[in-house]
Amino acid sequence: MKTISKLALIAAFATGTSGLALSAPAFAKDKKAEEAPAMKLSPEVQKPGIAAQTALTAKDYAGAQTAIDQIDAAAKTDYEKYIGAALRYQLENEKLVAAQTANPNAPMNETTLAKPLDALIANPATPAADRGKYAYRRGALAFNGKQYPIALQYFAKAKELGYTNPDLGLQIVKAKMESGDVTGATADLDASITQMTAAGQKAPGGLLSLCDRQVLRRQAQRRHDGVAEEVDRGISVGEELA
């Protein structure tokens, strides 16, 4: 089974922490700021937070690492911990991009993303609109590591959190198939196609061809290894006639 494109995921799921309120003006001691204490940062977090953003902008990853470590050591509130996790996720993402750019043929080790992603998913201060996105990204990370049961847990979490990526259903089918749940994968596949057809939508090619082929092959192989070849041949003929 092909892995989910790692570089594409890194680009699509960058945190964009430039929008985080780390600058001093955002925390001026005025009446409005006093009314929203949950969004305030202590000086012990705000100072290294600004330093981390500055270092990331300059691609100074060692400097960013030091500053983020200081944030984690000083963070007390959920929001401060969210700031640290979001910046660390951005740091690890950018380091992966830099390494891949320098050597496109080198293997990509995404495991450094797991810890900040888990922190972002669990933290109640993470914006609700982002938690589902992070859960999907964490599921893709587990899928690429062939940890299919774990991938399914995170994909289910992403769905529960309202994440609506059109590939989510396809990834759930693939993960179930790879974990040996052919019956569940087939049921999800049928349900997805039925739902799209009822809504007047055309199912993605990957849903109709790749998953059909893989599910049927696995079912055939469970009956008799030699039947798999006939299934492939039958699908090919069906595709030609379609």
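What pattern does the chain follow, read along the sequence? The answer is α-α-α-α-α-α-α-α-α-α-α-α.

A word on the model: it is predicted, so local features need pLDDT of at least 70 and side-chain atom pairs count only at pLDDT 80 or more, while totals for chains, interfaces and linings use all residues. Residues are numbered from 1 along each chain as its sequence is written, and side-chain values use heavy atoms, leaving out hydrogens and water.

Of the chain's 242 residues, 41% count as buried (under 20% relative accessible area, with a 1.4 Å probe and protein chains only).

Now for the rings. Searching the whole structure gives five aromatic pairs. Rings of Phe, Tyr and Trp (its six-membered ring) pair if their centres lie within 6.5 Å; planes under 30 degrees apart count as stacked, over 60 as edge-to-face and the rest as tilted. Here are two of the pairs:

| Pair | Centre to centre | Angle between planes | Type |
|---|---|---|---|
| Tyr 79 and Tyr 82 | 5.9 Å | 40° | tilted |
| Tyr 89 and Tyr 134 | 5.8 Å | 85° | edge-to-face |

Tyr 79 and Tyr 82 sit three residues apart in helix α5 (residues 78–102), so about one helical turn separates them. Both are buried.

Tyr 89 lies in helix α5 and Tyr 134 in helix α7 (residues 128–144), so this pair ties together parts 45 residues apart in sequence. Tyr 89 and Tyr 134 are buried too.

Finally, Tyr 136, Phe 155 and Tyr 163 form one aromatic cluster.

Conventions:
Helices (H or I, at least four residues) and strands (E, at least two) are DSSP runs, numbered from the N terminus. Buried means under 20% relative accessible area, exposed over 50%, partly exposed in between (1.4 Å probe, protein chains only).
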